[in-house]
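Dear colleague,

Please find the structure below, together with its sequence.

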Amino acid sequence: MSARIAVLVFPGTNSEDETFRILRDCGGDVHLVHWSHAQTLPTFDAYVLPGGFAYEDRIRAGAIAAHDAMMDHVIAGAQAGKLVLGICNGAQILLEAGLVPGTAAIRRPTAAFTGNGPVPHFVCTHVYVKLAIDPARCAMTAGLGHDPLIPAWTANGEGRLAASKEHLQELEDGDHIAFVYAHEDGSVDDSASPNQSALGIAGLCNREGNVLALMPHPERDAWTLNHPDRRRGAAMLAPSGGAVFFRSFVGALQ
Amino acid sequence: MRRAVAIGLKIPDNAAYTALVTLRRLGIDVARVERADIVRFADAPDEATALMAAVERDESLYNPNKHRVTVLETDAPRVGEVWIVQDNVDRPVGWRLYRSPDLPADTATLTQAAERLLCNPAIERAIFPK
């Protein structure tokens, strides 16, 4: 029996369809699980928290969802070694839940994806993210090979990673910085980040490497019709660069 | 004169209700939650009514169909209230918690609510009543 993947739907989640479709296209046995069916979550082998505005971002982005009954099961699963991926708002929820970077108690956040810089506006733009750890460090990236460059779309008002200087050092020392923003040629500098994220961070993983929080959306550049160069004549529904990431995720479950 | 006003909703406040439900889920004993944007003025009129009138004339702050304005006695949280100040954001959010419909929460309850839900210390700080 193949591993079953749950894509969680909180009130306000809005990226579940594209996340479901690319996981399915990559061979995953994937199911949407709504908040009213939280009790079914222990039967799944992996959890994906898609983007959106869970609970309308009340209090702070991800703050209420982090305490939802669905997260009780996700936290238990993560502690048992199941794979957990959060994208955009899902990443915010994982930080609020303390699963990422996982250096403090559960539900005691030590970092946050917060208002973008230099001005706190919603930013929607195409980006590239580059793996900043050894691929084997995180189960979900193990299939990416060395130096992968993943295309994605960033679409958020609160995607800038913020943490104390000491904690950022801890994240660097502990190899928690899984992805950083990069240019299309793979080079990395301050101008690659669309939002002044600390250290150019686009994604963080936990100590054990089974939980990953990724701010931009690779599922929105998973088919050529979503890629900025779609007018060059490629087949509309051919896999695009973002699909590589999800193949690696599904591959980690096989 | 340095003063502050609390601008809350007179229509149902869904965010405050969600906070109430979540705090109860965390085992924190609260009966009611009020939320308000706190707007601080460095050079406000001495008379509360004059300040209130100035705020009510500012359409970017106040909509008479939606908001309720309270001029605070001091430029600090009221009894039972914690202010959450986010980095790079001028206006704190005031969360006023009640143990019963009319009894403001004590400092221990406020501290627990801030630490467990209302404040992310990576980007925010909590200011408690003196």
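In this predicted model, strand β4 of chain B (residues 81-86) is largely enclosed by the rest of the structure, because 5 of its 6 residues are buried, that is, under 20% relative accessible area.

This strand has two partners in chain B. With β5(B) (residues 93-100), β4(B) pairs in the antiparallel sense over 4 bridges. The two strands form a hairpin with 6 residues between them, and Asn88(B) in the turn has a positive phi of about 65 degrees. With β7(B) (residues 124-127), β4(B) also runs antiparallel, joined by 4 bridges. Ile84(B) can be followed to both partners: its bridge partner in β5(B) is Val93(B), and in β7(B) it stands opposite Ala126(B).

Next, the nonpolar cores. In soluble globular proteins, nonpolar side chains tend to be buried together. The largest nonpolar core here has 96 residues, of which Phe10(A), Phe179(A) and Phe249(A) touch the most other members. Beyond its neighbours within four places in sequence, Phe249(A) is in contact with residues including Ile5(A), Leu23(A) and Met140(A). Another core, of 10 residues, lies apart from the largest one and includes Val5(B) and Leu61(B).

Finally, the two chains meet through 20 residues of chain B and 19 residues of chain A. About 1600 Å² is buried between them, with carbon and sulfur atoms giving 54%. There are 2 salt bridges between the chains; one of them joins the side chains of Arg60(A) and Glu124(B) at 3.1 Å, N to O.

Yours sincerely

Technical notes:
Residues are numbered from 1 along each chain as its sequence is written. Chains are lettered from A and ligands numbered from 1 in the order in which they are written. This is a predicted model: local features need pLDDT of at least 70, side-chain atom pairs count only at pLDDT 80 or more; totals for chains, interfaces and linings use all residues. Side-chain values use heavy atoms; hydrogens and water are left out. A nonpolar core is a set of buried Ala, Val, Leu, Ile, Met, Phe, Trp, Tyr and Cys residues joined through side-chain atoms within 4.5 Å. Buried means under 20% relative accessible area, exposed over 50%, partly exposed in between (1.4 Å probe, protein chains only). Contact means heavy atoms within 4.5 Å. Two strands pair if DSSP finds at least two bridges between them. Buried area is the accessible area (1.4 Å probe) that two parts lose on being put together, summed over both. A salt bridge is a side-chain nitrogen of Lys or Arg within 4 Å of a carboxyl oxygen of Asp or Glu.
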